[in-house]
Every structure is written in structure tokens, then in C-alpha cells.
Amino acid sequence: DILLSEEELSFRVTELGRELAKEYADKEPLVVATLKGSTIFMSDLVRCMQPVPPNMRLEFIRASSYGSGTTTSGQVSITMSTLSDDDIKGRHILLVEDIVDSGLTGQALTAYFQQHSPASVKLVSLLSKPSRREVPFEPDWLAFEIEDKFVVGYGLDYDQHYRSLPYIGVMKS
């Protein structure tokens with residue numbers, strides 16, 4: 001079943017991009033996408049950040065609490081970052097997540113970046129499932145709040161499948 005259509009995604013991501021362009025207009029943001037799920041969202045989002053903030057840079061980090069299942073493991077693993085302390089220090093960090101579920105990954109990523117003396121750390125998420133929170137964590141910007149269903153498409157996957165769907169669908173059991 002389609003939960004969010006291609007048109008709904010496009011409209012909301014465009015809105016968010018414009019809002020973020022205003023927020024970061026004079027801040028030289030470092031936009032950091034969490035691999036792999038948020039890459040499509042981040043690509044569309046930064047193209048919608050018009051006018052483009054000065055010296056905006058894009059980077060990636062790998063963090064996960066899922067593995068190959070459909071529920072969080074409860075352990076957040078940050079296994080790859082292309083960033084050095086100098087890349088982060090004094091910069092306005094915008095973390096891009098595909099989904100805030102338990103809140104563990106968002107909380108861990110925020111703490112990870114805070115250790116490196118940024119000017120600010122904020123998080124934008126495509127989706128949020130508040131009913132699944134295990135820790136008190138909310139994104140600073142959010143595209144859609146959804147019910148507790150396992151979803152795929154628009155970058156989200158099930159065991160590396162379905163990422164390329166142009167919409168977000170509910171996985172059938």
C-alpha cells in the first residue's frame with residue numbers, strides 16, 4: 001500500500017528545502033546524510049534549498065540501529081564518517097535522517113557531532129514514528145509523522161530492497 005505518494009513527497013520536501021534555505025541563509029551549513037536511507041531525501045532536499053546557502057557542503061555518515069531486521073537493535077553503530085574535527089568545528093551541522101523511530105540514532109548522532117565543537121547541530125527527518133520512541137528525541141524539522149508501520153521506498157529499505165521506489169509504501173508481512 002502507498003502511504004505517501006511521489007507528489008506528496010515532492011511538495012513537502014520542497015517546502016522543507018525552502019524553510020531550511022531561510023534558516024541557513026548566512027550559516028554555511030554542513031549537511032550530513034545518514035547512509036544509506038536518507039540519501040534520496042537529502043539529494044532532493046538540498047536541490048530545494050533555494051537560494052543555496054553560501055559554502056554549503058554535503059557529507060555522509062553511516063549509523064544504524066537496524067541491521068537486517070524490521071525493528072531496532074537498541075545499539076547504535078557509527079561505522080563510517082568522512083569528517084575530521086576541523087570539518088565540524090565552528091560549522092552549522094544539519095543532520096539528514098530518513099526516519100526517527102526509537103530516537104536512539106538521532107540522539108547518538110547529535111552527541112557524536114556535539115563532541116567536535118560545532119556552531120550548532122540540528123536534525124531534519126523525512127519521517128517520524130513517535131509511538132516507537134525509547135528516548136526523548138525529536139527532529140528539529142520533520143516532513144511527515146507516521147504510524148508504527150514498517151515502510152519502504154524513497155531511500156528506505158527492507159534488507160537492501162525497495163530503496164528506489166519513488167513513493168513510500170507500507171511493507172506487508
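How exposed is Tyr-112? With a relative accessible area of 22%, Tyr-112 comes out as partly exposed, on a scale where buried means under 20% relative accessible area, exposed means over 50%, and partly exposed is whatever falls in between (1.4 Å probe, protein chains only). The structure is a predicted model, so local features were taken at pLDDT of at least 70 and side-chain atom pairs at pLDDT 80 or more, while totals for chains, interfaces and linings use all residues. Residues are numbered from 1 along each chain as its sequence is written, and side-chain values rest on heavy atoms, with hydrogens and water left out.

Aromatic contacts come next. Rings of Phe, Tyr and Trp (the six-membered ring for Trp) were paired if their centres lie within 6.5 Å, with planes under 30 degrees apart called stacked, over 60 edge-to-face and the rest tilted. Helices here are DSSP runs (H or I) of at least four residues and strands are runs (E) of at least two, both numbered from the N terminus. Tyr-24 and Trp-141 are both buried. Another pair, Tyr-112 with Phe-113, is edge-to-face, with 5.2 Å between the centres and 80° between the planes. Tyr-112, as noted, is partly exposed, whereas Phe-113 is buried at a relative accessible area of 0%.

A salt bridge here is a side-chain nitrogen of Lys or Arg within 4 Å of a carboxyl oxygen of Asp or Glu. Both partners count as partly exposed, Lys-27 at 25% relative accessibility and Glu-23 at 28% relative accessible area.

Across the whole structure, the search turns up 12 salt bridges. Asp-101 and Arg-132 form one of them, at 2.9 Å from N to O. This pair links distant parts of the chain, with Asp-101 in the loop between strand S5 (92–100) and helix H4 (104–114) and Arg-132 in the loop between strand S6 (120–128) and S7, 31 residues apart. Asp-101 is buried, at 6% relative accessible area, while Arg-132 is partly exposed at 23%. Arg-132 also meets Asp-148 in a salt bridge of 3.7 Å, N to O. Asp-148 belongs to the loop between S7 and strand S8 (151–152) and Arg-132 to the loop between S6 and S7, so here the parts tied together are 16 residues apart in sequence. Asp-148 counts as partly exposed, at 43% relative accessibility. Elsewhere, salt bridges with shared partners join Glu-23, Lys-27 and Lys-122 into one network.

Then there is S5. Nine of its nine residues are buried, so S5 is largely enclosed by the rest of the structure. S5 pairs with S2 in the parallel sense over five bridges, where pairing needs at least two DSSP bridges between the strands. In this pairing, Leu-30 stands opposite Ile-93 of S5. S5 and S6 pair in the parallel sense too, over eight bridges, and Ile-99 has Leu-127 in S6 as its bridge partner. S5, H4 and S6 together make a right-handed β-α-β unit, right-handed meaning that, with the strands pointing away from the viewer, the path from the first strand over the helix to the second runs clockwise.

Leu-35 and Lys-36 are joined by a cis peptide bond with omega of about -5°, and Lys-36 lies in the loop between S2 and helix H2 (39–47). A cis peptide bond also joins Gln-50 and Pro-51, with omega of about -5°; Pro-51 is in the loop between H2 and strand S3 (57–64). Tyr-154, although not a glycine, has a positive phi of about 50°, and this residue is buried at 7% relative accessibility.
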